[in-house]
Amino acid sequence: MPLLEETTLPQEHPPTLPVVIIGNGPSGICLSYLLSGYKPYFDTATVHPNPILYRKLQEAKHIPITEQAMEYLSEGLEGRSRNPVAVLFDTLLHPNADFGYDFPPVLKWRKDKHQQIPHLVLGKGTPGGAWHAMEGSMLTVSLGIWMELPGVNYRDLTNGLRRNVTSDRATPEEISSYYKDYVKLKGLQKNFVDNTYVTSVHKLCRGQELKGLENGQEDQKTVDSENGHFEENDKEGENNGGGGTLWEVRGYRQLQSDTHVPFSLFAENVVLATGASDSPVRLGVEGEDLPFVFHSISDLGLAVSQGKLDVNSDPVLVVGAGLSAADAVLCACNSNIRVLHVFRKNTDNPDLIFKQLPKTLYPEYHKVYNMMSSQTCHNVVSSSSSNRPQAVSVASSVCAKMCPKPQLSAGSITGGSSVNLFPDYTSFPEHCVVSFQSDMKCLLQGDNSLKAFKISMALVLIGTNPNLFFLKGQGQYLGQDPTNPISCKQNPIDINPYTFECTKEPGLFAMGPLVGDNFVRFLKGGALGIASCLLKRLKKKEKLFSSEGNSFI
């Protein structure tokens with residue numbers, strides 16, 4: 001991605017906003033909704049199934065949820081998020097959802113045009129974020145209704161097309177269309193700036209921003225000539241609760257003519273809502289940069305659609321044991337392409353995601369799990385040859401045993417049947433990739449032996465990490481463990497659990513996968529916590545606005 005050069009910065013003083021949100025996925029959209037004057041109230045015509053929470057809601061039924069104490073309301077609630085406000089908002093929108101119930105929300109929404117907080121949502125594409133880049137025909141892990149945002153029923157917007165147990169899940173195409181339409185229906189377009197790339201987010205002390213611009217800010221930062229963004233030189237200054245600090249946000253907007261228009265903004269508060277799909281996790285092995293090694297399932301779909309892979313191709317190597325890897329296996333199998341599936345875990349490992357998915361709701365993923373368990377390299381090799389290879393196997397012979405050519409009927413595993421789900425699939429549990437070679441071979445290690453295979457392409461699908469390159473030190477210092485990079489699962493950003501404000505940077509907030517909420521139904525809680533914090537803080541300072549929106553970029 002091309003980055004903004006210092007010499008292209010505008011000379012005029014940039015505008016100052018109360019809030020800038022970086023990321024226009026469901027996190028940013030939901031927060032924009034709450035900052036635009038939409039307030040949630042307890043709907044007295046409903047009854048929440050949790051009697052303690054129900055009593056608390058009745059106590060302040062005339063007060064918006066955003067103006068109540070998040071800690072008090074969320075106390076004692078349990079759910080599938082580590083963040084208590086995420087659990088609270090989820091149970092208000094989907095009461096007892098984890099028990100299989102489809103209860104209506106216990107909230108009603110009112111718009112107060114006199115209590116809006118001016119803000120901008122900066123996104124690389126159209127509203128919806130990464131959902132626009134996903135394979136449109138696959139089904140989401142979550143139910144369609146769990147993907148909806150406050151105030152617009154998902155089923156109403158999609159004409160209620162999906163109803164039975166398995167098809168209540170949605171396709172990414174439906175979800176991305178829903179998010180795009182949601183922004184229009186709720187009149188949020190004025191807050192969104194599309195095709196916008198943030199290249200630097202830098203903290204300034206209030207009163208120094210103008211001086212910094214006039215002096216080129218040489219006293220506060222220098223330009224890294226290799227990556228084009230700014231980094232601080234000095235020690236972190238004093239910070240009094242975000243009140244004495246401004247954030248400078250720089251970047252550019254890409255126009256249709258492929259020209260870049262630079263911008264610079266000041267913000268009193270910055271919200272990180274970038275998600276986690278920017279940077280795929282890499283194996284770090286030899287040959288991973290070779291042209292036949294990919295890190296996105298979309299590359300497999302492209303190769304199939306372009307006719308680069310067919311039934312006569314060498315097998316595709318899929319690395320990983322998560323849902324993305326399972327999607328790749330399904331894509332290849334549906335196209336009659338041979339698959340070698342490599343993963344570190346044992347198939348009995350309780351941490352495998354398939355163990356957490358109900359079979360009736362996710363039959364396709366359990367089909368993959370059955371193959372992972374029953375069509376292992378151990379079973380195939382032992383049934384094919386009494387002399388199990390102890391050294392490097394010859395790709396042509398072993399691959400022929402493990403991945404025979406497709407047959408007319410794949411069949412399925414039922415009861416004690418030995419018929420394979422897909423005969424051209426072989427799993428390699430407790431194996432790892434040693435290297436990729438320029439002659440299209442990969443070297444695997446497992447069972448105290450090495451195995452070599454000739455492949456047509458490799459897909460390394462072992463997760464993604466956020467790319468916070470625009471922050472000092474890529475934001476690593478914000479993590480729960482500042483000695484390691486930010487990771488949505490292993491090292492999320494350390495936040496106040498009720499306001500989602502970064503513990504190490506007042507005035508900087510984070511939400512969604514960055515704080516461990518990877519599912520849409522829970523990331524909405526970040527919007528509630530941040531909106532509640534900012535509304536209370538700005539109301540105290542008498543800085544709430546009745547705004548029709550302004551053009552800042």
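Which residues do ring pairs link into a cluster? Select Y33, Y38, F89, W109, Y178, Y179 and Y182, and you have them. Keep in mind that this is a predicted model.

**Confidence**

Colour the chain by pLDDT. The mean is 78, and 72% of the residues reach 70 or more. Now select residues 1-11, where pLDDT stays under 50. Residues 381-420 are also below 50.

**Charges over rings**

Go to Y41. The charged end of R110 sits over its ring, 4.2 Å from the centre. Next, pick Y72. Here K56 lies over the face, at 4.6 Å from the ring centre.

**A three-stranded sheet**

Show β16, β17 and β18. They form an open sheet in that order, with antiparallel pairing. The edge strands are β16 (432-436) and β18 (449-454), and each pairs on one side only. From one strand to the next, the twist averages 25°. Zoom in on β16 and β17 (residues 441-446), which pair over four bridges. F436 stands opposite C442 in β17.

**Ring pairs**

The structure holds twelve aromatic pairs. F292 lies in the loop between β11 and β12 and F436 in strand β16, so the pair ties together parts 144 residues apart in sequence. F292 is buried, at 6% relative accessible area. F436 is buried too, at 1%.

Last stop: F354 and Y369. Their ring centres are 5.8 Å apart with planes at 20°, so this pair is stacked. F354 is in the loop between β14 and α10, while Y369 is in helix α10. Both residues are buried.

How values were computed: Residues numbered from 1 in each chain as written. Predicted model: local features only at pLDDT ≥ 70, side-chain atom pairs only at ≥ 80, totals over all residues. Heavy atoms only, no water. Pairing = 2+ DSSP bridges. Helix = DSSP H or I, 4+ residues; strand = E, 2+ residues; numbered from the N terminus. Axes fitted to C-alpha atoms, helices over the stretch in contact; angles between N-to-C directions. pLDDT = per-residue confidence, 0-100. Contact = heavy atoms within 4.5 Å. Phe/Tyr/Trp six-rings, centres within 6.5 Å; stacked < 30°, edge-to-face > 60°. Buried < 20%, exposed > 50% of the residue type's maximum accessible area, 1.4 Å probe, protein only. Lys NZ or Arg CZ within 6 Å of the ring centre and 35° of its normal.
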